[in-house]
Amino acid sequence: MSMDGLNNSVVSEFVLLGLSSSWETRVFLMLTFSLIYLGIILGNLFIFFLVIFDSHLHSPMYFFLANLSFIDMGVASTTVPKMIGDLLNEYKIISFQGCMTQICFIHIMGGVEMVLLIAMAFDRYMAICKPLHYLNIMNPKICVSFVITGWVIGVIHAMSQFAFIINLPFCGPNEVDSFYCDFPRIIKLACTDGAKFEFIIAANSGFMSMGTFFLLILSYVFILVTVWKRASGDLSKAFVTLSSHITVVVLFFTPCMFLYVWPFPTSSIDKYLFIADFAITPILNPIIYTLRNKDIKVSVKRLSKWGHYGRRC
């Protein structure tokens with residue numbers, strides 16, 4: 001299927017209506033999101049390289065965390081730089097090919113992130129509930145398999161929906177009431193009855209988001225119940241360990257479920273909600289995992305001491 005040889009399609013570009021029409025608001029948002037994007041890149045790069053170069057962090061949990069940081073940079077980069085540039089432009093144009101590419105990357109990265117969050121939940125379950133078998137089960141081969149599986153599922157998830165949308169006829173309306181392209185908004189512009197395609201998107205992305213969210217919440221409940229039974233009611237340590245994971249899961253999945261489980265919204269609230277996935281969650285992940293994590297704190301102290309020693313020498 002070629003992007004250029006589309007049946008009956010005459011639309012070569014889409015107009016993104018963006019976030020705000022007021023010039024002052026747009027300048028404020030441009031500065032705000034520029035700072036947020038800088039924070040996302042620097043924060044996640046810091047975690048990524050800290051895990052790679054500090055041998056004390058060469059464990060399954062930090063391997064997944066480094067991959068999560070890499071994906072968070074990717075998720076933010078699919079939409080935020082374009083959104084920042086568009087805030088100062090009167091006409092926010094994206095080519096048909098650019099729009100389709102953006103949609104694909106959003107869903108590939110989203111699929112990988114879901115699998116990584118499942119892998120991190122599985123890792124915590126093994127560490128807390130089966131500590132004696134932990135290193136044997138969570139070996140490097142299993143960890144790499146989780147990441148590869150994430151990419152495979154992400155690509156299949158994105159392409160299964162992309163296959164439906166790429167052959168839709170786009171023959172007139174081309175205004176997207178958002179700051180980025182996504183399946184629900186684009187299907188609305190097709191010159192065909194989009195009901196069955198809406199159902200396919202809801203069944204695919206909606207089921208995937210909802211299913212993964214409840215699977216993760218159930219796994220955390222199961223871990224806490226297991227700890228409660230073993231530790232005679234002392235849940236504090238396990239809850240501290242899991243709280244950062246639960247926070248990230250809720251932040252990531254709430255917008256996904258809002259948009260894909262009840263798709264094709266009539267209001268514009270979804271575009272503001274999705275700022276959480278593209279900007280807020282990627283910048284909060286490094287903060288949440290750094291502030292709540294003893295090993296990362298120790299690693300940062302070790303790094304600062306090493307830097308201080310290096311300057312003295």
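In which helix does glutamine 161 lie? Glutamine 161 belongs to helix α5, which covers residues 140-165, where helices (H or I, at least four residues) and strands (E, at least two) are DSSP runs numbered from the N terminus.

The structure shown is a predicted model, in which local features need pLDDT of at least 70 and side-chain atom pairs count only at pLDDT 80 or more, while totals for chains, interfaces and linings use all residues. Residues are numbered from 1 along each chain as its sequence is written, and side-chain values use heavy atoms, with hydrogens and water left out.

**Confidence and overall make-up**

The average pLDDT, the predictor's confidence in each residue on a scale from 0 to 100, is 81 for the protein chain, and 87% of the residues score at least 70. Over residues 1-8 the pLDDT stays under 50, and for this stretch the model has 16 contacts beyond four places in sequence, a contact being heavy atoms within 4.5 Å.

The protein chain contains 11 helices and 3 strands, and their order along the sequence is β-α-α-β-α-α-α-β-α-α-α-α-α-α. Among the contacts in the protein chain with a separation of 6 or more, 80% are between residues 24 or more positions apart. Of the 313 residues in the protein chain, 48% are buried, where buried means under 20% relative accessible area, exposed means over 50%, and partly exposed lies in between (1.4 Å probe, protein chains only). The protein chain exposes about 15400 Å², of which carbon and sulfur atoms supply 69%; such areas come from the Shrake-Rupley method with a 1.4 Å probe, and for residues only the protein chains shown count as cover.

**Annotated spans**

An unreviewed UniProt entry carries the annotation "transmembrane region" for residues 27-53, 60-80, 100-122, 142-166, 207-227, 239-260 and 272-291; its positions are given in the numbering used here, feature names are shortened, and annotations may be inferred rather than shown by experiment. In the model, residues 27-53 are 100% helix and 0% strand, with their end C-alpha atoms 39 Å apart. Residues 207-227 are likewise 100% helix and 0% strand, and the end C-alpha atoms of this span lie 30 Å apart.

**Individual residues**

Glutamine 161 counts as buried because its relative accessibility is 0%. Beyond its neighbours within four places in sequence, glutamine 161 is in contact with His107, Phe183, Ile201, Asn204 and Ser205.

Alanine 203 is part of helix α7, residues 195-230, and counts as partly exposed at 37% relative accessibility. The C-alpha atoms of alanine 203 and tyrosine 260 are 8.3 Å apart in space, although the two residues are 57 residues apart in sequence. Threonine 254, in helix α8 (residues 236-260), is partly exposed with a relative accessible area of 39%. Between threonine 254 and methionine 210, which are 44 residues apart along the chain, the C-alpha separation is 9.3 Å.

Phenylalanine 49 lies in helix α1, residues 23-53, and counts as partly exposed at 38% relative accessibility. Together with Leu45, Ile52 and Phe53, Phe49 makes a nonpolar surface patch of about 390 Å². Patches are made of residues with over 30% relative accessible area and no salt bridge, with like charges joined within 9 Å and nonpolar side chains (Val, Leu, Ile, Met, Phe, Trp, Tyr) within 5 Å.

**Salt bridges**

Side chains of opposite charge can pair when their charged atoms come close. With a salt bridge defined as a side-chain nitrogen of Lys or Arg within 4 Å of a carboxyl oxygen of Asp or Glu, the count comes to 3 salt bridges.

| Salt bridge | Distance, N to O |
|---|---|
| Arginine 302 and aspartate 54 | 2.9 Å |
| Lysine 82 and aspartate 86 | 3.3 Å |
| Aspartate 123 and arginine 124 | 2.7 Å |

Arginine 302 and aspartate 54 meet in a salt bridge. Arginine 302 lies in helix α11 (residues 294-312) and aspartate 54 in the loop between α1 and α2 (60-87), so the pair ties together parts that are 248 residues apart in sequence. Arginine 302 is partly exposed, at a relative accessible area of 30%, whereas aspartate 54 is buried, at 10%.

Lysine 82 and aspartate 86 are separated by about one helical turn, because they are 4 residues apart in helix α2. Lysine 82 is partly exposed, with a relative accessible area of 25%, while aspartate 86 counts as buried at 7% relative accessibility. In the remaining pair, aspartate 123 is buried with a relative accessible area of 1%, and arginine 124 counts as buried at 10% relative accessibility.
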